[in-house]
Amino acid sequence: MNAELLDLIKWLTNKKRNIHCLLVEPKYYSTYPPLGLLKISSLVKSYSYTTELVSPYEQPKLKPDIIFVTSLFTYGWRKVKEAVEYYRTLFPKTPIILGGIYASLMPEHAKYEIRPDYIWQRVIPEAEDICPDYSLVPEWDGSILFSSRGCIRRCPFCVVWKIESQYEAKNTISHLINPKYTRIIFWDNNFLASPYKLEIFEFLEKYRNIEGKKVKVDFNQGLDARLLTLPFAEKISNLKYDLIRLAYDKIEDRKYLLKAVQNLTEVGIKKRKILVYMLYNFQDTPDDFLERLKDVMDLGIVAYPMRYQPNDSLEKDKYVATSWTPELLEMVAKARRVLGSHGAFPPYDGLIKKIIEAESLDKAMYLREINKNK
């Protein structure tokens, strides 16, 4: 069935007029509110439906006519199953729609293991240009938005082009921003590929100067170093930000990273404000990862190692690539916790020296044992 969301709701609820929608966020870890559910809330409220956001095992205030459950990464599917089973027990006759990343990537698994009444794959077209219903998350302070969907790249480790096959960009974002918030958070997977990036940069510069707003901008998914030219670096430097995020996933991208960092620092952005996502445990080797790590430390910027998880992984941190071992992967994880800060390797003098002088990754990640007898 290719029904749009509102038609689907009416069909599943037997075309009731007054519909109460229960929005369920499973108990997996996330530092952000469930954007898809908040957008659904805004959409259905525009049709005079009512909504309620819960997380298991909260009791809803009203009996729902339909239940929406979202999902994140595939390895978090058990939490999704728990949520569906809990609210199905409470409301056995209420239809359940399951959406989100896991539902889009593994619909057959979800159909067999979780058994919702309907699985919604990919994005919701009607909700794309709607500001999320932030009234459901009163403690939150940040406008989360996509100024573009998809990506012009086809990186084999990434799921974006599988879920959002076409790159589509918006020419404005003003309608997606809550004026009360102090942050604007871009979830674009390749913002710099947008044909409207200059217009959006200009809007951001003007917006932060309206009534003295001190609004921070966060390109949360990272900026494409291959597209980060000096003029765009200048545009970024005019914004208020905490971090500028890039990626360095393979050694062949070294020249792009070096140039992007050069452009950013040339316009006055401090190196410790530049964070680099670094994929490992994919098609790389430990030596390759160490070489990239040395590049980042030598540049004096922040490294953020990211362990590869297969797009269909049902267990987190179980996959071990051919060139890696479980022991070495555990060493990297422990070093991130002990030597790093919030999972990142900051460019501290001692850490830079330790990594650059290391002959192998296991030596770079080695942690001295504490003698408890002393």
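I take accessible areas from the Shrake-Rupley method with a 1.4 Å probe. On that basis I get about 19,300 Å² of accessible surface for the chain. Carbon and sulfur atoms account for 50% of that surface. I keep in mind that this is a predicted model.

**Entry 1: the whole chain**

I looked up the overall dimensions first. The C-alpha atoms fill a box of roughly 70 × 55 × 40 Å along the principal axes. How does the radius of gyration sit against that of a compact globule? For 374 residues the globule rule gives a value near 21 Å, and the chain has 23 Å, so the two agree.

Next I noted the secondary structure. I find 13 helices and 13 strands in the chain. Of the 374 residues, 52% are buried. I then took the contacts between residues at least 6 apart in sequence. In that set, 76% join residues at least 24 apart.

I also checked the charges. The chain carries 56 positive and 48 negative charges. Their mean positions lie 3 Å apart.

**Entry 2: helix α3**

I went to α3, which runs over residues 77-90. The helix has 14 residues. From first C-alpha to last it reaches 20 Å, close to the 20 Å expected at 1.5 Å a residue.

Which residues of α3 are buried? I list W77, V80, A83, V84, Y86 and Y87. I then asked what covers these buried residues. The cover includes the strands β1 (20-24), β2 (50-54), β3 (66-69) and β4 (96-98). The helices α4 (101-105) and α5 (107-113) also belong to the cover.

**Entry 3: helix α10**

I turned to α10, residues 286-299. This helix has 14 residues and spans 20 Å between its end C-alpha atoms. That is close to the 20 Å expected at 1.5 Å a residue.

How many residues of α10 are buried? I count 10 of its 14, and the helix is mostly covered. The buried set holds P286, D288, F289, L290 and R292, along with L293, D295, V296, M297 and L299. I note that D288, R292 and D295 are among the buried residues.

The cover over these residues includes the helices α9 (254-266), α11, α12 (349-356) and α13 (361-364). The strands β12 (274-280) and β13 are included too. Just after α10 I find G300, with a positive phi of about 80°.

**Entry 4: backbone checks**

I looked for a cis peptide bond. One joins P56 and Y57, with omega at about 15°. Y57 sits in the loop between β2 and β3.

I then looked at positive phi in residues other than glycine. R122 has a phi of about 70° and is not a glycine. I place R122 in the loop between β5 and β6. Is R122 buried or partly exposed? Its relative accessibility is 43%, so it counts as partly exposed.

D317 is another residue other than glycine with a positive phi, near 60°. Its loop runs between β13 (302-307) and α11 (326-338). D317 has 38% relative accessibility and therefore counts as partly exposed.

I picked P125, in the loop between β5 (118-119) and β6 (143-145). I set aside its neighbours within four places in sequence. Which residues does P125 then contact? I find E4 and W120. I also took the C-alpha distance from P125 to K39 and got 11 Å. These two residues are 86 apart along the chain.

Then I looked at S174, in the loop between β8 (168-169) and β9 (183-186). Its relative accessible area is 40%, so S174 is partly exposed. The C-alpha atoms of S174 and L204 are separated by 9.3 Å. Along the chain the pair is 30 residues apart.

K16 came last. I place K16 in the loop between α1 (5-12) and β1. K16 is partly exposed because its relative accessible area is 39%, between the 20% and 50% cut-offs. How far apart are K16 and D65 in space? I get 8.6 Å, C-alpha to C-alpha. In sequence K16 and D65 are 49 residues apart.

How values were computed: Residues are numbered from 1 along each chain as its sequence is written. This is a predicted model: local features need pLDDT of at least 70, side-chain atom pairs count only at pLDDT 80 or more; totals for chains, interfaces and linings use all residues. Side-chain values use heavy atoms; hydrogens and water are left out. Helices (H or I, at least four residues) and strands (E, at least two) are DSSP runs, numbered from the N terminus. The radius of gyration is taken over C-alpha atoms; the globule rule is 2.2 Å times the number of residues to the power 0.38. Buried means under 20% relative accessible area, exposed over 50%, partly exposed in between (1.4 Å probe, protein chains only). Contact means heavy atoms within 4.5 Å. Lys and Arg count as positive and Asp and Glu as negative; His and the chain ends are not counted. The place of a charge is taken as NZ of Lys, CZ of Arg, CG of Asp or CD of Glu. The expected span of a helix is 1.5 Å times one less than its number of residues.
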